[in-house]
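Colleague: I am new to this structure. Please take a close look at its salt bridges and the places around them.

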Amino acid sequence: MKFLFVDDDPSLSEMMCLFFEKKDDTLVIADNADSAYDLIKNTSFDSIILDLAMPKVSGVDLIYRLNKDGLMDGKKIFVYTAAPFSEKDLNELIENGIVTWIRKPIPLSKLYELVSAA
Amino acid sequence: MVHFNVYVISIVLVLTVLPLTIFSYVMLDYEQNSIFNHALTKLDRITLLQSSHMQTYFQERIFDITATSDLSMLRENFDILVNSEVDSEEYIIAKDILTHNLLRIKNTYGYSEIFLVTLDNTVMLELTSHLYTDDDHSKLISQIQNHSVDDVLISSIHYHDPFHELLFGKLITSYDGEDLGYLLFELHMHDFYELSSFEFEFENTGETVIGNYNDEHSGIDFISPLRYSETYSIDNFEESALPMKLALSKETGHGVSIDYAGNEILASWTYLPLLDIGIVSKQNLDEINTPFYSFLLVLFLITTALIVSVILLSLFFSGRLLFPIKKLKKMADAVSNDNFNLHIVPSGPSEIQSISKSFNHMISTLQEDRKTIDSQIHELEKIDVQKAEFAAMTSHELKTPLVPIQGYCEMLLESGLIGDLNEEQKEFVTKIQSNSSHLRELIERILLVQKLDLGKVNYSCNPVNIKKFMNDIYLDHSAMMNDKQIKFTNSTLVDFDFTFDENKLKEVFTNLIQNSVDFVPNNGKITIDAKKSDDGIVFSVSDNGIGISKEHQNHLFKKFYQVDTSLTREHDGLGLGLSISRSIVEKLGGKIWISSGDESSGISVNFSIPKDVS
């Protein structure tokens, strides 16, 4: 399977990358929202795992942008964060099953289970 | 609070009016005495004058009668009348001579009647307008038997309708020494008053009265005309006419008394033995006191004017003093309300002006200080926010590396992923994992505190069923009790819906229950409860742990506060649980407090949430 992992923390991304490799899956890394947008536009992923807190363009903004441009169809997006959200629109997307909230902290095996089941 | 005005007026009144009053009192006393004495002297003089007037008059009459040059003519002709034939030539000539001479005397001295009466009461000559009976003449003669002065017999003054009259009489003897009869003079008192110009009245109430005892009805006869009565004779003076009674008891004196009309009077009295009468000069006390009353009135007016002017002056001067003080007070109040754009124009007395200047100076100093303080506060607030933001950021940064650490540990422990570890290696990696988990929790708590401080925590309140909520709390925390075998009880009895932020209150309960778990001994007791209160709901977490002293109770809700701060303390933790709880409860409009007593009986932490928080 092919996943996209969007996070600005390189050490976390590296660890994730190693984990998914060991699981014989492919994890593509994007360290900002813009490059993630380009990758999603041009490549097909089974699931996208997204950190909401990123510099410049946040994960939330990226979701809105993808949604607006119709790039969300047929894709599973997982937001990966600790606190509940205050954004009403994002909550709506979660309620509609378009976005899934993975609450930090979560064991890697659990995370893998969730994203690979999609 | 007594007004300044009142002080000033009281002081000035005491200083001016009191001496004035004492002075007035002394003056009044003196004035009254002097008026009184003056009046007494005057009345004494009038009495003396009038009595000597009468005395002189009557003595002159007596002398006239005694020393008259016509006495020899009288003796000679009276003898003829008595001893010769009636209607004889001799008799007629003698009667003519007597008539002529006595008529002259009658006219000269104003006698009303003159008679010549023989010893056997035969009227030999009668110069009168009245017709007297024989009976009358015998009475007249008997009346003059009273007393005599220089051989002149004098009657008492008696009332003979319609006049008071007085009789003088003299026994006439012939040259041979034979008693011939009486020569009688009758004087009407009103004629006497006219002739002697006797004054009965003076001023408005002053009066001189003459009186004697009336033998017929044993009362007092007032002979003179009376100012306050038409009748001369007044019978019954039980209570009044005291001076006349004293005079008739032959006393001379003066003093305050009551007159025949019942007036209060000042009187002077004396007895006149010549006529056996009393003379009283008197004047109403009211009239005597008139100058005193005028004096009193003037004094009263002066005092009143003085008091009024003193009050007005005091008000004026204290007003001059108080007006700037009131202005200062207004300014001070305004300054208290942070209004520094003020300036007092100094006015009033120089002392007040100096205060005003100092006040102005104080305001400008305060204004500058306030500016400095405000900017410092602003700076501090900025720094505080920066600090909190820095702490939040730092905490976040501290947390970030923990995620990969935990991830790697997990990868190491997952069998078949990168090769299996031996048991000891597994155990060490598990320790790394659990410690990093703990570290992560601590950091997250600090982060929460920072967020609460910065107000970055969002609340979402929804209706919650209390019974279910409390049951959830119970179930969520039951597992924590296992290690210490704690008896955990939910004693909630109420069942109703209430609106609040469920997640935040769960956080509060977690903190409080965690604290209790830390501080109760093995097999201890923890009870949670919820009760309805007047304005909302009160939750509580009670335990039978080590309790806490009053001294520490006040500080418990402070951040990072630990009862035991020694390095060897038994209980770990950051001391943030109660602080976080308080922040949340207060943000929801509630209160949090500790209600249990001393160190031995455990602790009960309560918190209330009011109804109207949404």
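**Salt bridges and their surroundings**

Modeller: Asp34(A) counts as partly exposed, because its relative accessibility is 39% (buried means under 20% relative accessible area, exposed over 50%, and partly exposed in between, with a 1.4 Å probe and protein chains only). This is a predicted model, in which local features need pLDDT of at least 70 and side-chain atom pairs count only at pLDDT 80 or more, while totals for chains, interfaces and linings use all residues. Residues are numbered from 1 along each chain as its sequence is written, chains are lettered from A and ligands numbered from 1 in the order in which they are written, and side-chain values use heavy atoms, with hydrogens and water left out.

A salt bridge here is a side-chain nitrogen of Lys or Arg within 4 Å of a carboxyl oxygen of Asp or Glu. In general, side chains of opposite charge can pair when their charged atoms come close. Asp34(A) sits in helix α2 (residues 33-42) of chain A and Arg65(A) in helix α3 (residues 59-68) of chain A, so this pair ties together parts that are 31 residues apart in sequence. Helices (H or I, at least four residues) and strands (E, at least two) are DSSP runs, numbered from the N terminus. Arg65(A) is also partly exposed, at 35% relative accessibility.

By this rule there are 17 salt bridges over all chains. One of them joins the side chains of Lys431(B) and Glu427(B), at 3.4 Å from N to O. Lys431(B) and Glu427(B) are separated by about one helical turn, because they are 4 residues apart in helix α10 (residues 423-454) of chain B. Lys431(B) is partly exposed at 46% relative accessibility, and Glu427(B) is partly exposed at 42%.

Another pair is made by Asp472(B) and Lys468(B), with the closest N and O atoms 3.1 Å apart. Both belong to helix α11 (residues 466-478) of chain B, where 4 residues, or about one turn of the helix, lie between their positions. Asp472(B) is buried, with a relative accessible area of 18%, whereas Lys468(B) is exposed at 53%. Salt bridges can also share partners: Glu207(B), Asp259(B) and Lys282(B) are joined into one network in this way.

What links the two chains? Between chain A and chain B there is 1 salt bridge. In it, the side chains of Glu414(B) and Lys23(A) meet at 2.6 Å, N to O. Helices α1 (10-22) and α5 (108-117) of chain A each supply at least two residues to the side of chain A that touches chain B. The most comes from α1(A), with 7 residues. The two chains also have 3 residue pairs in polar contact, both residues being at pLDDT 80 or more. A polar contact is a pair of N or O atoms within 3.5 Å; within protein, one must be able to donate a hydrogen and the other to accept it, and residues adjacent in sequence count only if both atoms are side-chain atoms.

The contact as a whole, meaning heavy atoms within 4.5 Å, takes 16 residues from chain A and 12 residues from chain B. The area buried between the chains is about 1,300 Å², of which carbon and sulfur atoms give 66%. Buried area is the accessible area (1.4 Å probe) that two parts lose on being put together, summed over both.

Chain B, which holds several of these pairs, has 14 helices and 21 strands. Of its 614 residues, 40% count as buried. Among contacts in chain B between residues at least 6 apart in sequence, 60% join residues at least 24 apart.
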